[in-house]
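Here's a quick briefing on a few salt bridges and a bit of sheet. Have the model open while you read.

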Amino acid sequence: MKQFAALARVSSREQEREGFSLEVQEDALKRYAAQAGGEIVKFFKIAETASKGEERKTFRKLIAYAKKNAAFLDGLLFYKVDRASRNLFDYVELERLESEYNLPFISVSQPTENTPAGRMMRRTLANMASFYTEQQSVDVREGLSRRVREGWFIGLAPYGYLNVRKDGRGIIETDAEQAANVKRIFQLYADENLTIDGVVEKINAEGRTWRKSQANFPRSSVHNILKDRAYIGEISHKGEWYPGKHEPLVDRATWDRVQALLGGHVYQSQTHTYASQLIQCGHCGHPITGETITKKSKKGERFYTYYRCTYYNRKGHPRIRVREADLEEQVLAIFDKMKVENEEVQDWFRMVLASQTRDAQAESLSQRAELQRQETLLVQQQDRLLNMRLAEDIDQETFARKHTELRDRLASIKLQLDVLDRCHDETAELASKVFELSQTLRQQWLTADYSAKRRILEIVFLNCTLEDVTLVPTMRKPFDVLAEGLVSEKSRAERI
């Protein structure tokens, strides 16, 4: 009895278009073997769900089996030539089995003889199959690129969105619960001065759910969300970003702040009030970091927080640590210096702030004019870039890269314009609020939590240096005037 090895291959598209499945091929191959007076001793199948790796693995197993058992086999059976191979390289492997191992290539629905004419026929069919596969790959890539340029994701939508079909077309809609989680993650990291670990801890403590299958938020996923431009309305494709049609979940100002805070690095650290780039070492200029030490006593565990330079252990560096309580005393002393008891001086200072406000508003108008000029230039550059692409003076990849760059610069300009507009409207009111804040800093500090204290420090201090154990701050305006003391012409340059 004759013995055959056989291969059946099908994809979902081919099954739909040509109407045959693995079962149809298997029946035809077994029927041919029986009519030839034999049987199939080894059957290889490549299903529609197989990946490219699995497909190659199955084909290599077929070749290895055929070479090892060539002496006992009477042929390799295939339903059609294009079922045997997807490219000419695979077909050459099969033809070598025929010439070197005397193992006939048999296509049951496209019979050919092992003659020059028959082999030419098979090669023509194999060449057509290879062309179809390569062209299909090109069509798919072009289709995906076109879909991205139209503003749609080409795969699974990011966390916060849903893939849905509407009128036979795949589109993206917002998942209300997940979108709220994304917005909260950005808000926590941007505004509450938390590390990524702090964000994960807090959002899990709020009772939010990551997914139905997993309640807690993974740290790596939170980090990926904070770096994903999809949440400002863009789509990634081949390393470039394109405008999307999906709803942005994060405004550009929040996004820019988060990226600045991330700074390209993600560290796991505790939330210490005076750490995280707030203070620099006066000896070497590196950041001051915090550490909490636990000590056991008869009354139980006690926690002590110290601050030191990140280069504390370097050779020749002063090994100085400062207690958090000592820094607290110095900060409160600065706040006390800004307290003004005399009502006349308070009124005078409010008048000075109002005058400074008018000057600041005049300066903001000048800045606005310059930003508008830059905005006009960027728009003109975008138009020229588009014309160059239409004229095919630059390729698509260069166009996409430059377009993304110009769009980001333009967004930054618009953000600065929005900030100026807001400042122009609010500066007068803010001037009065700043003074009122300066008079209540001690009370607010003593009742504030970690995030509120950090916010106060960012408002009052421009930067800080730790000289030995002494905190040396550079104050923001107008707090610097209050901290240094007020001088009036009526006092003849005497400090009030």
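Let's start with E234, which is buried at 3% relative accessibility (buried is under 20% relative accessible area, exposed is over 50%, and partly exposed is in between, with a 1.4 Å probe and protein chains only). Keep in mind that this is a predicted model, where local features need pLDDT of at least 70 and side-chain atom pairs count only at pLDDT 80 or more, while totals for chains, interfaces and linings use all residues. Residues are numbered from 1 along each chain as its sequence is written, and side-chain values use heavy atoms, with hydrogens and water left out.

- E234 has a salt-bridge partner in R252, with the closest N and O atoms 3.6 Å apart (a salt bridge is a side-chain nitrogen of Lys or Arg within 4 Å of a carboxyl oxygen of Asp or Glu).
- This pair ties together distant parts of the chain, 18 residues apart: R252 sits in helix α10 (residues 252–262) and E234 in strand β7 (residues 234–237). Helices (H or I, at least four residues) and strands (E, at least two) are DSSP runs, numbered from the N terminus.
- R252 also forms a salt bridge with D408, again with 3.6 Å between the closest N and O atoms.

**Other salt bridges**

- The structure holds 17 salt bridges.
- One of them pairs E206 with R208, the closest N and O atoms being 3.2 Å apart.
- Both ends are partly exposed: E206 at 33% relative accessibility and R208 at 28%.
- As a general point, side chains of opposite charge can pair when their charged atoms come close.

**A three-stranded sheet**

- Strands β10, β11 and β12 make an open sheet in the order β10-β11-β12, with antiparallel pairing (two strands pair if DSSP finds at least two bridges between them).
- β10 (288–297) and β12 (322–323) are the edge strands, each with a single partner strand, so one side of each has no neighbour in the sheet.
- β11 (residues 300–309) pairs with β12 in the antiparallel sense over two bridges.
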